[in-house]
Every structure is written in structure tokens, then in C-alpha cells.
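Please examine the sequence and the three-dimensional structure shown below.

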Amino acid sequence: MGSQDAALSSSSFLDDKSAKVFVSGHRGLVGSAIVRKLTELGFTNLILRSHAELDLTRQSDVEAFFASTKPEYVIVAAAKVGGIHANNTYPADFIAINLQIQTNVIDSAYRNGAKKLLFLGSSCIYPKFAPQPIPEDALLTGPLEPTNEWYAIAKIAGIKMCQAYRIQHKWDAISGMPTNLYGPNDNFHPENSHVLPALMRRFHEAKVNGAKEVVVWGTGSPLREFLHVDDLADAVVFMMEKYSGLEHLNVGSGKEVTIKELAESMKEVVGFEGDLVWDSTKPDGTPRKLMDSSKLAALGWTPKVSLKDGLVDTYKWYLENVKQ
């Protein structure tokens with residue numbers, strides 16, 4: 001950490017539990033986990049707004065909100081997210097909504113005196129054929145995965161915006177790039193969800209309906225890394241407390257699993273007794289995606305939730321919260 005970065009991070013996040021903390025997107029997968037974590041740690045002044053209360057794509061509304069509430073810490077967890085199908089179907093939404101949300105929140109946070117901001121992105125910012133495991137410096141070294149470049153371009157712009165405000169304004173804006181996340185409050189929509197919740201829903205429905213088989217897209221060969229969202233929330237608090245640097249940090253579990261292994265574990269956790277069938281005429285997406293999270297590990301952070309425990313926890317939440 002350079003002397004400028006050290007100077008930017010003079011205040012301790014965990015020392016002031018009464019500080020005003022704005023968590024955008026607090027009802028989503030990531031935001032809700034961060035709120036759970038901060039509440040558990042004893043933070044008493046969380047500023048939360050639903051989409052109905054504050055539309056983050058509207059610049060004037062965001063400016064008025066920041067001017068009136070003046071949060072000291074800001075965590076950008078609001079985003080328009082989805083899987084391959086959603087990105088292919090709604091590319092304009094994925095680039096426009098994400099650029100609007102992050103630009104409005106980052107700029108208003110700076111202008112209204114926030115001490116620190118953490119911007120959260122995604123591992124899809126990296127080139128399709130990045131070295132594996134993917135280090136932070138692989139950013140912008142090659143073409144993106146075409147199926148989600150609209151979202152990725154927006155998230156890359158967010159990283160660069162945080163860096164630019166840090167350089168020009170000497171402001172403590174940092175970025176974290178999580179790997180594939182899962183857990184309570186995930187999106188289990190049959191068409192617009194990511195692979196893990198989509199598989200959970202399909203196995204559950206197959207079990208309930210007594211289906212003989214579940215057909216899954218692709219060959220099952222792609223390697224993926226998954227991080228339980230409670231681990232990400234833990235890393236967010238760790239970064240707010242310990243990290244102040246120009247470079248974004250990867251946040252991953254460091255463990256990879258094939259989609260086939262994931263599907264088989266899911267089948268077991270859900271208790272589906274039928275067959276698992278692969279439709280190899282459908283796309284697989286990126287062949288391998290594992291992040292190199294050694295920089296965060298070197299600072300002292302490690303994940304705690306195993307994939308099996310995380311799946312059991314998530315399925316329990318699904319049974320209690322998703323309408324059957």
C-alpha cells in the first residue's frame with residue numbers, strides 16, 4: 001500500500017458501529033447478506049432503500065438522497081444481474097441500468113462526503129480466455145465472453161470510475177470482484193437465473209412432480225468456482241476495514257467444481273431420485289473460470305462455508321421462501 005493509499009484509509013470501519021452505512025441493493029442476494037453481516041456485527045445506522053423508495057437509475061433522485069442522508073460508508077451491491085439467457089435477451093438493460101446505477105451512486109457518494117466506497121462487480125469482467133486461475137491484472141488483456149459483455153463492460157467501467165476518483169479526488173473508493181455467488185435471496189426464476197439456483201429449482205420441481213429425468217444445458221464439463229454469499233459479506237467487511245488500494249481485488253473460494261459435479265451434488269441435496277440428462281446441443285459458456293484470490297488471502301481473509309454446507313443452507317432457504 002502506497003503512502004497515499006495509507007493516508008486515504010485512516011479511519012477504521014469497524015470502530016464506528018453507529019456510522020451511517022448505505023448498502024444499495026439490500027434486498028438482493030449480495031446486499032441482503034451484507035446487511036445480515038453488518039447487523040450481526042452491531043452496526044446500528046444502516047441506510048436502506050427499496051427500489052420503490054429510491055430508483056438508483058434516476059440521477060436527480062440519487063443526488064437528493066445522498067444530499068439528505070450523507071452516508072459515511074457506501075457499498076454498491078445494487079445491479080441488474082442474470083445468466084446467459086437473460087444477457088442474450090436484454091443486452092440494453094444490462095449495460096444501461098448498471099452504468100446508470102453505479103455512476104449515480106459513486107459520484108453522489110463522493111460529492112456528499114462519504115469516507116469510503118466499495119464497488120462490487122463480477123468475475124465476468126475478465127477475458128474469455130484469461131489465464132487460469134485469473135489474476136487481477138488479466139483485466140482488459142483480451143476479448144470478453146460475448147454472452148455477457150454488456151454487463152461486463154458496465155462493471156469494468158465501475159472499477160475504472162473508482163480508480164479515477166481515487167486518483168483525481170484522493171478519495172477512498174475500492175472495488176471487489178466476487179466469483180459466482182449463491183445463497184439465500186438468490187434469483188430462482190426458471191429462465192433468468194444463474195446456473196446454481198436454476199439447477200436447484202429444476203431438481204426441486206422434478207422431485208415434487210415425480211419427473212423421471214432432469215435435462216441440463218451443455219456437457220457438464222465447464223469448471224466453475226462458487227462462493228456462498230455469507231463468505232462474500234465477510235470479505236466485504238474485511239475490505240472495508242483493511243483494504244485501501246487502486247487495484248480491484250478478486251474474492252473467491254479458490255475451489256473449483258465441474259457443472260456435472262455441481263448438478264450431482266444438487267441432485268443429492270434436493271433428494272431427486274430420477275435421471276440427470278445432458279443436452280450437448282446447448283452452449284456451455286466459458287470452459288473454466290477460477291479466480292486467483294491470493295491478494296485478498298495475503299491480507300488475511302479466507303472463506304469459511306463449504307459448497308456442500310452452502311447448498312444445504314440455500315435449499316433450506318428455498319423451501320421456506322420460494323413459492324412452490
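In this account, two residues are in contact, or touch, when they have heavy atoms within 4.5 Å. The structure is a predicted model, in which local features need pLDDT of at least 70 and side-chain atom pairs count only at pLDDT 80 or more, while totals for chains, interfaces and linings use all residues. Residues are numbered from 1 along each chain as its sequence is written, and side-chain values use heavy atoms, with hydrogens and water left out.

Helices (H or I, at least four residues) and strands (E, at least two) are DSSP runs, numbered from the N terminus. Two strands are said to pair if DSSP finds at least two bridges between them. An open sheet of six strands runs in the order β2-β1-β3-β4-β5-β9, with parallel pairing. Its edges are β2 (46-47) and β9 (249-251), each of which has a single partner strand, so one side of each is left without a neighbour in the sheet. Helix α2 (residues 29-41) packs on this sheet and touches β1, β2, β3 and β4 (116-120). The direction of α2 makes about 155 degrees with that of β1; such angles run from 0 to 180 degrees between N-to-C directions, and the axes are lines fitted to C-alpha atoms, for helices over the stretch in contact.

Within the sheet, β1 (residues 21-24) and β3 (residues 73-76) pair in the parallel sense over four bridges. Val 23 has Ile 75 as its bridge partner in β3.

Helix α4 (residues 84-89) holds Asn 87. Relative accessible area, found with a 1.4 Å probe on protein chains only, classes a residue as buried under 20%, exposed over 50% and partly exposed in between. Asn 87 counts as buried because its relative accessibility is 2%. Leaving aside residues up to four places away in sequence, Asn 87 touches Gly 82, Phe 94, Thr 147, Asn 148, Trp 150 and Tyr 151. Thr 89 also has its place in helix α4, and this residue counts as partly exposed because its relative accessibility is 41%. The C-alpha atoms of Thr 89 and Arg 111 are separated by 36 Å, and the two residues lie 22 residues apart along the chain.
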